[in-house]
Amino acid sequence: MRNICIVAGARPNFVKVAPIVRAIKKAQGEGTDIDFRLVYAGCENDATLEPSLFDDLCMPRPDVFLGIDCVSLNELTGRVMSEFEQYLEHNPTDIVIVVDDLASTMAAAIVTKKQGVLLAHLVAGTRSFDISMPKEINRLVIDGLSDILFTAGVGASSIATREGVQMSQIYMVGNILMDTLRFNRDRLCRPEVADLYGLKDSCYLLFTLNRKALIADTAKLKPMLDELVSASARVPVIAPLRDSARKAVESLMPPKAAGFHIVSPQTYLEFGYLSAHALGVITDSGNVAEEATFNGIPCITLNSYTEHGETVSYGSNVLVGESSKRLREMLDDMLCGRWKKCSLPDRWDGRSAERILKIIIDL
């Protein structure tokens, strides 16, 4: 029996974990001697885990909740290390799979290696090359500790190689997010807010905001919001926003912005519908930019870099930094139908989970 532990640190991780869970269950049904447990660093009552999430993703809820809920990254790291160490001491585990680049991911990776358990990093080799970013430190630590690095593409594999990782440890499995997008393509649900505001397919813009640094920097955020409000006079803007992002945007909105609609966070399948049927997407999220490339939807990223470079070099994504002038120019191109040609990067075929599981079984 090969026992796998999959660690998710935050809500977005489940979107990438779901295909692996489905692949394992399929292998079990075919007689493969393999088992898994899904561990979540957060709490069972985490507000970001809406009841529909796991149904939407066709996966079970986590088997274990470590129950960590704190703001300080250093405190979070220490508490996850303590709780996850206890988990590994009481649960036989052959391999731990950690996802992305969170502080909780790094904490689980450190404990895994200290316990002498095989460590695999999903979405390895991503870099911003900005060491002042906490996530960049997390990536360096996790990749440096990992026995197996699952990368999404050639660029990420090259980065890992340049940093001294042995080629035998690197597996270019493709973009795991595409597995979920392809699986759910025919399951997307038009949300009620689309009908409430009379949104027509391909006739609205989708706006998301998550990056804490940008949310806090109102001097930069306000001019960019002004450009989006201006665009909303030409085509509706729908903005599903959470917590601090919603408060920041609401506080900066002008009194007259009838075409700019701030709404509550949508379920996974509802948000997927909004993303797939938009005229264009404006975001600061790498995952949302990847979805836009998959759907062939023009995308503007409010950042000067992206860890997902293939969305720019191959896909529909354009970086505007935090420049309202550049945003205005790209919004005009978007609304006038002037956009670059795009294509799908290599191995965005929806079979990444199959490759990952085969590699684990064959170890």
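This is a predicted model: local features need pLDDT of at least 70, side-chain atom pairs count only at pLDDT 80 or more; totals for chains, interfaces and linings use all residues.
Trainee: Let's start with the cysteines. How do you know that the structure holds zero disulfides?

Mentor: A disulfide needs two cysteine sulfur atoms within 2.5 Å. Take Cys203: its closest cysteine sulfur belongs to Cys336 and sits 14 Å away, so that is too far for a bond. Cys342 is in no disulfide either, with the sulfur of Cys299, the nearest one, 11 Å off. The count for the structure is zero.

Trainee: Why is Cys203 called partly exposed?

Mentor: Partly exposed is the band between under 20% (buried) and over 50% (exposed). Cys203 has 38% relative accessibility, so the label is partly exposed.

Trainee: And what makes Cys342 count as partly exposed?

Mentor: Again, a number set against that band. Cys342 comes in at 34% relative accessibility, so partly exposed is the call.

Trainee: On to the backbone. What makes the phi of Asp100 worth a look?

Mentor: Most residues other than glycine have a negative phi. Asp100 isn't a glycine, yet its phi is near 65°, a positive value. You'll find Asp100 in the loop between strand E4 (95–99) and helix H4 (103–114).

Trainee: Is Asp100 buried or exposed, and how do you know?

Mentor: Buried means under 20%. Asp100 has 12% relative accessibility, so Asp100 counts as buried.

Trainee: What about Val123: what is its phi, and where is this residue found?

Mentor: The phi of Val123 is near 70°, a positive value in a residue other than glycine. Val123 is found in strand E5.

Trainee: Why is Val123 called buried?

Mentor: The cut-off is under 20%, and Val123 has 11% relative accessibility, so Val123 counts as buried.

Trainee: Now the second largest pocket. How much space lies in there, and which residues lie nearest its centre?

Mentor: About 420 Å³ of space. The lining has 27 residues, and Gly153, Val154, Gly155, Ala156 and Glu310 lie nearest the centre.

Trainee: Which elements give two or more residues to that lining?

Mentor: Strand E5 (118–124), helix H6 (154–162) and helix H7 (176–184). H6 gives the most, with four residues.

Trainee: What makes up the lining of the second largest pocket by class?

Mentor: There are 13 nonpolar residues, eight polar and six charged. Watch the glycines when you sort them: Gly counts as polar here, and Gly153 and Gly155 are among the residues nearest the centre.

Notes. Residues are numbered from 1 along each chain as its sequence is written. Side-chain values use heavy atoms; hydrogens and water are left out. Buried means under 20% relative accessible area, exposed over 50%, partly exposed in between (1.4 Å probe, protein chains only). On a 1 Å grid over the protein atoms alone, a cavity is a set of points where a 1.4 Å probe fits but cannot get out, and a pocket is an open set with protein on both sides within 12 Å along at least five of seven lines; lining residues have an atom within 4 Å of a point. Grid points are joined across faces, edges and corners, and a volume is the space filled by probe spheres set on the points.
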